[in-house]
Amino acid sequence: MHTEHTDTVVRAQRVDKVFDNGCQALRQVSLEVRRGEVVVIVGPSGSGKSTFLRTLNRLETLSAGHIEIEGVDMYHGATNINRLRQRVGMVFQGFNLFPHKTVLQNVMLAPLKVARRPRAEVEQQARALLDKVGLAERVEHYPGQLSGGQQQRVAIARALCMQPRIMLFDEPTSALDPEMVGEVLEVMKALAREGMTMVVVTHEMGFAREVADRVLFMADGQVLAEDTPACFFGAPSHPRLQQFLSQIL
Ligand code: ADP
Ligand code: MG
């Protein structure tokens, strides 16, 4: 199903997800993300944040509801899912780099093998992206020779090299030693400043305050609050959100 081209990158409407074991991870979750927006999702463990991000890339099936990326129905049978997935970059907590490939090879792999783009063009872009995330000196290194923060920056460059229309981040700094969190957040801030559309699940409230256009609070598979950072943190509307913020701030 196609709708008119608009500036809406993500349109998720009343999404339910019930796993086979009966666990309902998402209840009527709706979200619209416009081009260039940064949406941060926070909430307690088990609230459905990761499940929701995964539905945006069709890594899960839906039990009910509807998701469009740039007007294309992610769950329509006729949708070419591989082409659509290339538009959605994803960065996880773990970096999942190939250990026996160099940094440069890791970044070039999907553009060559999945997108089948010309090698010279891909290599030029990969080097430029690695330069941008501060790893120009590390292109011939192997992942095992890098710190966690450096590996996560490679993972971001790798996702960007597929030329996504939106980037999804699922707790990208949660597995990092504290001293490496900042360098990864800086790369994400730069991306946001350049106008990348982003949905970010994180516990980094400073990042949310500084970078988010909107912040969502999820609990029990529902979006319980959604606001600008100033209102979200300054005047939290929902009792569950007040409780959550009092525990982490
Ligand atoms: P969060 O990312 O907010 O911590 P998740 O999306 O990982 O939450 O999980 C939401 C709920 O769905 C949890 O109760 C979790 O146990 C459950 N869940 C997640 N993945 C699966 C799965 N593959 N099978 C069954 N239950 C799952
Ligand atoms: Mg999660």
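**View 1. Several elements cover the buried residues of helix 6.** In this predicted model, the cover includes strand 3 (38-42), helix 4 (119-132) and helix 5 (148-160). Strand 7 (166-170), strand 8 (197-201) and helix 7 (205-211) belong to the cover too. The buried residues of helix 6 are Met-180, Val-181, Val-184, Leu-185, Val-187, Met-188, Lys-189, Leu-191 and Ala-192.

**View 2. The span of helix 6 agrees with its residue count.** Helix 6 has 16 residues, 178-193. At 1.5 Å a residue, the helix should span 22 Å. Its end C-alpha atoms lie 24 Å apart, which agrees. Just after helix 6 comes Gly-195, with a positive phi of about 100°.

**View 3. The largest pocket holds about 580 Å³ of space.** It is lined by 24 residues, and the closest to its centre are Val-88, Met-90, Ala-110, Arg-158 and Met-162. Helix 2 (81-85), strand 6 (88-91), helix 3 (103-113) and helix 5 each give at least two residues to the lining. By type, the lining has 13 nonpolar, eight polar and three charged residues.

**View 4. Strand 1 pairs with strand 2 in the antiparallel sense.** Seven bridges link strand 1 (residues 8-18) and strand 2 (residues 24-34). One bridge pairs Thr-8 with Arg-34 of strand 2. Five residues sit between the strands of this hairpin. There, Gly-22 has a positive phi near 95°.

**View 5. Strand 1 also pairs with strand 4.** Strand 4 covers residues 64-69 and runs antiparallel to strand 1. Five bridges join the two. Val-10 stands opposite Ile-69 in strand 4.

How values were computed. Residues are numbered from 1 along each chain as its sequence is written. Chains are lettered from A and ligands numbered from 1 in the order in which they are written. This is a predicted model: local features need pLDDT of at least 70, side-chain atom pairs count only at pLDDT 80 or more; totals for chains, interfaces and linings use all residues. Side-chain values use heavy atoms; hydrogens and water are left out. Helices (H or I, at least four residues) and strands (E, at least two) are DSSP runs, numbered from the N terminus. The expected span of a helix is 1.5 Å times one less than its number of residues. Buried means under 20% relative accessible area, exposed over 50%, partly exposed in between (1.4 Å probe, protein chains only). Contact means heavy atoms within 4.5 Å. On a 1 Å grid over the protein atoms alone, a cavity is a set of points where a 1.4 Å probe fits but cannot get out, and a pocket is an open set with protein on both sides within 12 Å along at least five of seven lines; lining residues have an atom within 4 Å of a point. Grid points are joined across faces, edges and corners, and a volume is the space filled by probe spheres set on the points. Ala, Val, Leu, Ile, Met, Phe, Trp, Tyr, Cys and Pro count as nonpolar, Asp, Glu, Lys and Arg as charged, and the others, Gly among them, as polar. Two strands pair if DSSP finds at least two bridges between them.
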